[in-house]
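Subject: Structure handover

Hello,

Here is the structure for you to look through. My notes on what was found in it follow below.

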Amino acid sequence: MIKIYCLYDPLECKVRYVGRTSKKVLEHRLIEHITKAKYFEKYYENKRLSYRVNWIKKLLKEGREPKIKLLYEIEGWKESHSFERLLISKWKDRRNLVNLEDRGEGGKNRIVTVEDRIKILF
């Protein structure tokens, strides 16, 4: 089973990211997100920060961490990808998601401008 989950701000209780994982324990995926944000500069020197990493770094700087919540469980990786894309595209504007794109694939080649980073942080 593939888990479709969201990350949300614990203070505002507002969904900010939709993702999917095949991990049995959802909290392990949350730990990966937090760890990547904490150590991004150290281990990803030549990479640009994503909206998600910027958002998590902002929460950590404020002394809190995102929370994770299971939304759905879906059979099959391909099927889960379609469902994740649907949720992202449906919620992208209404919920101010930090997903770079509605494809559910991340923004591997996307450039995040300084202006975009400021929007995420403030």
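**Contacts around Arg20**

The side chain of Arg20 makes a polar contact with the side chain of Ser80, at 3.2 Å. A second polar contact, of 3.1 Å, joins the side chains of Arg20 and His81. (A polar contact is a pair of N or O atoms within 3.5 Å; within protein, one must be able to donate a hydrogen and the other to accept it, and residues adjacent in sequence count only if both atoms are side-chain atoms.)

Before going on, note that this is a predicted model: local features need pLDDT of at least 70, side-chain atom pairs count only at pLDDT 80 or more, and totals for chains, interfaces and linings use all residues. Residues are numbered from 1 along each chain as its sequence is written, and side-chain values use heavy atoms, with hydrogens and water left out.

Arg20 lies in strand 2 (residues 14-21). Helices (H or I, at least four residues) and strands (E, at least two) are DSSP runs, numbered from the N terminus. Arg20 counts as buried because its relative accessibility is 14%; buried means under 20% relative accessible area, exposed over 50%, and partly exposed in between (1.4 Å probe, protein chains only).

Arg20 also forms a salt bridge with Glu84, the closest N and O atoms being 3.0 Å apart. Glu84 lies in helix 4 (residues 77-91) and Arg20 in strand 2, so the pair ties together parts that are 64 residues apart in sequence. Glu84 is buried, as is Arg20.

**Other salt bridges**

The structure holds 8 salt bridges, each a side-chain nitrogen of Lys or Arg within 4 Å of a carboxyl oxygen of Asp or Glu. Side chains of opposite charge can pair when their charged atoms come close.

One of the bridges is between the side chains of Lys3 and Glu73 (3.8 Å, N to O). This pair links distant parts of the chain, with Lys3 in strand 1 (residues 2-9) and Glu73 in strand 3 (residues 67-74), 70 residues apart. Lys3 counts as buried at 11% relative accessibility, whereas Glu73 is partly exposed at 43%.

**Cysteines**

How many disulfides does a search of the whole structure find? The search finds 0, a disulfide being a pair of cysteine sulfur atoms within 2.5 Å. Cys6 is buried, with a relative accessible area of 2%, while Cys13 counts as exposed at 59% relative accessibility.

Regards
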